[in-house]
Amino acid sequence: MSFWLQPKRYRRRIVLGLLCFASAVYILYSWIPDTPIPNCFQAVHGAELEDDTLLQDLQQSTPQPTDDGRNIFFHETSCSKDGDVRLNARQACAIESAARANPGWNVYVLFAAPVGFRNRTTQPILDALLEYRNVHLRYTNLTTYANETPLEEWMESGEIYRSLYLNSHLSDVMRYLTLYKYGGTYLDLDVIVQQSFEKLEPNYAGAESVRWVAAGVINFEPKGYGHELADMCVRYLLANFNGRQWGNNGPGVITGVLQKYCHTRSTV
C-alpha cells in the first residue's frame, strides 16, 4: 500500500521512525574519531632527509614574514610521497616573476608537507629560484599552523582531510589562514606578475565574473581593515566549509565576505 494511503497514525510512526534513524546516524557520525593527518603530510619523510636538506618550518624560520605586508605567498599543497621538493616550470616562472617584480618583498613558497632537497641535482629549476635572495622555500606544519587562530579546533578535528578535493580545499584553507596570520599577498602558482605591487592600494582581490570574486590573487593588510577582512574570511570558512563542492571554499569565501562587507551582490 502507498505511503499516502496508510492511516494517518501509521504515517506518523513511519515519519518518526525515519527521524529517529536520521538522528542516530548523525550522532554516530559525530562520534567518529578525529580524522588523522594523512601520512604524506606528516614528518615521516623528514627522518630520511639530512637536517640541512629538509625545508624549514615557516613558523620557526628566518626571515619571518614582515608586519608591513610586504610578503608574497604561494602554496603547494600536493601530498608528497617521496619527500622531495617539486616545482614544475610554470610554477617556477610564477615565483620568479613575483620575486623579480618585487625585489624588496619576501616571497614565500609554502609546502604543506615536510619536503627537502634529496634529489636537488635533478631539478635545476630550484637552483635558479634560490638565486633570488627574496625567495624562501618553507613548509607549513599542519599540526600547529592554525594554533591560536579561529581555525585551531577545526583543523585539529581533521575535517579538511575528509574533503573530496583535498589538495584544492587545503590550498583554499591555507591561503586565508596565512593572510590571517601574516598579511600580504597570496598568489596562485600560475599567476605571472608583470609589475611591482608597490603602487597598489592594499586590500584587493580580482573579479572572476559579475557574480564571483576570484581567490587566485588576494591582498590583505596585516592590520586594520585588511586583518578584519582576513578574520571574516577564516570565520566564514569555518561556518560554511563544504568538502563536496569544489569552489565553495575558495571564491565562495571571499565572495561571501565581500558581499557582506560591501553590502552588494555585484563585483562591478
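The model is predicted: local features need pLDDT of at least 70, side-chain atom pairs count only at pLDDT 80 or more, and totals for chains, interfaces and linings use all residues. Residues are numbered from 1 along each chain as its sequence is written, and side-chain values use heavy atoms, with hydrogens and water left out.

**Overall composition**

- The chain holds seven helices and seven strands; helices (H or I, at least four residues) and strands (E, at least two) are DSSP runs, numbered from the N terminus.
- Read from the N terminus, the order of elements is α-β-β-α-β-α-β-α-α-β-β-β-α-α.
- Of the 268 residues, 44% count as buried, where buried means under 20% relative accessible area, exposed over 50%, and partly exposed in between (1.4 Å probe, protein chains only).
- Among contacts (heavy atoms within 4.5 Å) between residues at least 6 apart in sequence, 79% join residues at least 24 apart.

**The sheet**

- Strands of a sheet pair through backbone hydrogen bonds, either parallel or antiparallel.
- In this chain, seven strands form an open sheet with mixed pairing, in the order β1-β4-β3-β2-β5-β7-β6; two strands pair if DSSP finds at least two bridges between them.
- The edge strands, each pairing on one side only, are β1 (56-57) and β6 (204-207).
- β1 pairs with β4 in the parallel sense over two bridges, and Asp57 stands opposite Tyr139 in β4.

- Strand β3 spans residues 106-111, and six of its six residues are buried.
- Both of its faces are covered, with Asn106, Tyr108 and Leu110 on one side and Val107, Val109 and Phe111 on the other.
- Strand β2 (residues 71-76) pairs with β3 in the parallel sense over six bridges, and Glu76 stands opposite Phe111 in β3.
- Between β2 and β3 the chain passes through helix α2 (residues 89-101) in a right-handed β-α-β crossover; right-handed means that, with the strands pointing away from the viewer, the path from the first strand over the helix to the second runs clockwise.
- Strand β4 (residues 135-139) also pairs with β3 in the parallel sense, over five bridges, and Leu110 stands opposite Arg138 in β4.

**Helix packing**

- Helix α2 lies across β2, β3, β4 and β5 (184-187) and runs at about 175 degrees to β2; axes are lines fitted to C-alpha atoms, for helices over the stretch in contact, and angles run from 0 to 180 degrees between N-to-C directions.
- The axes of helix α5 (residues 166-181) and helix α6 (residues 224-240) come within 9 Å and cross at roughly 145 degrees.
- In this contact, Val173, Tyr176, Leu177, Leu179 and Tyr180 of α5 meet His227, Ala230, Asp231, Cys233, Val234 and Leu237 of α6.

**Two individual residues**

- Asn147 is located in the loop between β4 and α4 (152-157). Asn147 counts as partly exposed because its relative accessibility is 31%. Leaving aside neighbours within four places in sequence, Asn147 is in contact with Glu152 and Glu156.
- Gln259 lies in helix α7 (residues 251-262). Gln259 counts as buried because its relative accessible area is 17%. Not counting residues up to four places away in sequence, Gln259 touches Arg211, Thr264 and Arg265.
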